[in-house]
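My entries follow the order in which I looked things up.

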Amino acid sequence: MGGILYTILIGAVIGVLARFFKPGADPMGWILTIILGIVGAWAGGYVAAALGLPGFLTADNLVAIVRSVSVLGILALGMAVVIIGRGIDLSAVAIMAMSVAWYLQLLNTGTSDGLAFLYVLAGVLAIGLLNGFLVAYADVPAIFVTLATGSFVFGYVRSQLITQDAVPVPGGH
């Protein structure tokens, strides 16, 4: 995660520096110049990894990269829908992380795949319904509801539903 943040930061700095070294009327503007710097930093990092790390361009590694990024992509799409609708959801990451941990904990205790999935799905839907009710009908600002929900979910799942800090994936899954 730190690598992604550093790449974005370095790219943003490169974009800002590019605007300082080439001042004046540029049809691209500040924001697009910064985005171009971020894309360039990402592409540079990818090329450097491909050249410097043996096995980086193997099929197994590329599949692993896509799998690890896909979760963030799904969360980003969900957050984009919320933001486009002029809302905010600060609980999404906590709900995602804790639902996965609870699911793995249920599997480790012998619960069947289907039943564990139903338990976790019911919990996530209940949290979503509670968030929606409090924002839509109780007129509580979404930022407060989702901040509180995220904190509650993280604390409750960590203290009551999972028994260890890192929940292993059971064998055969």
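**Entry 1: α4 against α6**

I began with a crossing, and the one between α4 and α6 is left-handed. I noted that this is a predicted model. Helix α4 covers residues 92–108, and helix α6 covers residues 142–161. I looked up their axes, which come within 9 Å and cross at roughly 20 degrees. An angle under 35 degrees counts as roughly parallel. Therefore I wrote down α4 and α6 as roughly parallel to each other.

Next I listed the residues that meet. From α4 I have Ala94, Ile95, Met98, Trp102 and Gln105. From α6 I have Gly150, Val153, Phe154, Val157, Arg158 and Leu161. I then sorted the residues of this contact by class: 8 are nonpolar, 2 are polar and 1 is charged.

**Entry 2: α3 against α4**

I moved on to helix α3, residues 59–84. Its axis lies 11 Å from that of α4, and the two helices pack at an angle of about 140 degrees. That makes α3 oblique to α4. I checked the cut-off, since only angles over 145 degrees count as roughly antiparallel. The crossing of α3 and α4 is right-handed.

Which residues in α3 and α4 meet? Val71, Leu75 and Met79 come from α3. Ala92, Val93 and Met96 come from α4. By class, I found 6 nonpolar residues in the contact of α3 with α4, with no polar and no charged ones.

**Entry 3: Ser99**

I stayed with helix α4 and picked Ser99, which lies in it. Is Ser99 buried or exposed? Its relative accessibility is 17%, and buried means under 20%, so Ser99 counts as buried.

I then looked for what surrounds Ser99. Leaving out residues up to four places away in sequence, Ser99 touches Val120 and Val124. A polar atom of the Ser99 side chain also lies 2.9 Å from the backbone oxygen of Met96. Met96 was already on my list, as one of the α4 residues that meet α3.

**Entry 4: Thr149**

With a relative accessible area of 7%, Thr149 is buried. Its side chain reaches the backbone oxygen of Val145 at 2.7 Å.

Which residues is Thr149 in contact with, leaving aside its neighbours within four places in sequence? I found Ser91, Ile127 and Asn131. I also looked up Asp89, which is 60 residues from Thr149 in sequence. In space, Thr149 and Asp89 are 9.6 Å apart, C-alpha to C-alpha.

**Entry 5: two loop residues**

I finished with backbone angles in the loops. Arg86 lies in the loop between α3 and α4. Arg86 is not a glycine, although it has a positive phi of about 65 degrees. Its relative accessibility is 82%, and exposed means over 50%, so I marked Arg86 as exposed.

Asp139 was next, in the loop between α5 (113–136) and α6. Asp139 has a positive phi of about 55 degrees, and it is not a glycine. I looked up its relative accessible area, which is 62%, and Asp139 is exposed.

Technical notes
Residues are numbered from 1 along each chain as its sequence is written. This is a predicted model: local features need pLDDT of at least 70, side-chain atom pairs count only at pLDDT 80 or more; totals for chains, interfaces and linings use all residues. Side-chain values use heavy atoms; hydrogens and water are left out. Axes are lines fitted to C-alpha atoms, for helices over the stretch in contact, and angles run from 0 to 180 degrees between N-to-C directions. Helices (H or I, at least four residues) and strands (E, at least two) are DSSP runs, numbered from the N terminus. Angles under 35 degrees count as roughly parallel, over 145 as roughly antiparallel, 65 to 115 as roughly perpendicular and the rest as oblique. A crossing is left-handed if the near helix is turned anticlockwise from the far one by less than a right angle, and right-handed if clockwise. Contact means heavy atoms within 4.5 Å. Ala, Val, Leu, Ile, Met, Phe, Trp, Tyr, Cys and Pro count as nonpolar, Asp, Glu, Lys and Arg as charged, and the others, Gly among them, as polar. Buried means under 20% relative accessible area, exposed over 50%, partly exposed in between (1.4 Å probe, protein chains only). A polar contact is a pair of N or O atoms within 3.5 Å; within protein, one must be able to donate a hydrogen and the other to accept it, and residues adjacent in sequence count only if both atoms are side-chain atoms.
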